[in-house]
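Let's take a walk through this protein together. Have a look at the sequence and the 3D view first, then read on.

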Amino acid sequence: MTVSAEQRAVVGVRGWVGFVVGFALIWATLQLTSSPVPTLLRSVGACVATALCAIVVVIVLWRVPPRAAPVTLGLGRPALPGLVVALGVVVLCAVGYLLFTPLTGRVLGAREGWLGLLLGVFLFNGVAEELAWRGYVFGALRKGRTFWQAVLLSMPLLALTHVPIALASGWVVGLAAMIVAAVTTAPFAYLYELGGRTIWAPALVHAAIDTFRALTVDPADTMVFSLYVSAVALVVPLVAFPLGWLVRRRRP
């Protein structure tokens with residue numbers, strides 16, 4: 001069953017209150033199930049819990065039929081152009097991290113059990129977070145609005161969700177994370193739409209950026225590495241726009 005625009009549009013006081021309450025529930029689920037180290041088991045639990053919470057929210061808030069809820073949240077079959085562009089950005093992100101040592105002269109290593117951590121990063125930082133931010137937030141704000149209107153409305157909310165980073169890691173790193181969250185709202189939303197309004201393309205790029213969680217540096221180099229990660233996260237996703245233009249141009 002197709003969900004009407006009226007059911008999903010965020011308009012009026014009642015619509016905005018419902019939208020914010022729904023997001024608060026989903027975001028709270030993310031926070032309560034998160035882990036400082038994204039182990040595979042914890043990430044599976046967080047991903048499942050977030051998906052179930054989001055599905056319940058859209059069923060109650062938008063009166064979406066249960067069978068249609070996953071697709072409504074961007075969990076449907078992705079369009080190929082979005083995946084192609086996302087994989088290109090993922091490669092560039094990996095190159096960016098590999099250049100850390102040559103560019104800074106500081107040693108970059110991998111945590112023990114790094115493969116499981118990478119899978120955990122994909123499930124939590126990729127799927128679960130994109131389910132909340134693109135599947136729910138951008139998906140709802142996009143109804144009845146242009147792409148850029150929905151992006152601009154998403155930016156403040158997504159930046160605010162990164163305030164805890166400032167409290168945990170200091171205002172320099174926290175402010176950088178908030179700026180990155182705001183700026184990358186645009187390329188992630190673009191990947192969401194290029195991928196057939198599904199979360200899979202932005203989830204791949206989001207996870208690629210957060211692979212720093214499986215990496216290690218000397219404690220004395222933590223600040224340098226954090227700012228380097230912020231720079232990669234700020235610049236590399238923007239490449240999605242020209243890559244997307246090339247992919248769409250080559251399509252018959």
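Let's start with Thr-29, which sits in helix α2 (helices here are DSSP runs of H or I with at least four residues, numbered from the N terminus). Before going further, a word on the source: this is a predicted model, where local features need pLDDT of at least 70, side-chain atom pairs count only at pLDDT 80 or more, and totals for chains, interfaces and linings use all residues. Residues are numbered from 1 along each chain as its sequence is written, and side-chain values use heavy atoms, with hydrogens and water left out.

Is Thr-29 buried or exposed? With a relative accessible area of 16%, Thr-29 is buried (buried means under 20% relative accessible area, exposed over 50%, and partly exposed in between, using a 1.4 Å probe and protein chains only). Leaving out residues up to four places away in sequence, Thr-29 touches Ala-49, Thr-50 and Cys-53; contact means heavy atoms within 4.5 Å.

Now zoom out to the helix pair. The axes of α2 (residues 12-33) and α3 (residues 40-61) come within 8 Å and cross at roughly 165°. Axes are lines fitted to C-alpha atoms, for helices over the stretch in contact, and angles run from 0 to 180 degrees between N-to-C directions. That crossing angle makes α2 roughly antiparallel to α3, a label for angles over 145 degrees. On the α2 side, the contact includes Gly-18, Phe-19, Gly-22 and Thr-29, and on the α3 side it includes Arg-42, Ala-46 and Cys-53. Sorted by class, the contact has 10 nonpolar, 5 polar and 1 charged residues. Here Ala, Val, Leu, Ile, Met, Phe, Trp, Tyr, Cys and Pro count as nonpolar, Asp, Glu, Lys and Arg as charged, and the others, Gly among them, as polar.

What about disulfides? The count comes to 0, where a disulfide is a pair of cysteine sulfur atoms within 2.5 Å. Cys-47 is in no disulfide, and its nearest cysteine sulfur, that of Cys-53, is 13 Å away. Cys-53 is in no disulfide either.

Here are some accessibility values side by side:

| Residue | Relative accessible area | Class |
|---|---|---|
| Cys-47 | 13% | buried |
| Cys-53 | 16% | buried |
| Leu-103 | 59% | exposed |

Finally, Leu-103 lies in helix α6 (residues 100-104).

How values were computed:
Helices (H or I, at least four residues) and strands (E, at least two) are DSSP runs, numbered from the N terminus. Angles under 35 degrees count as roughly parallel, over 145 as roughly antiparallel, 65 to 115 as roughly perpendicular and the rest as oblique.
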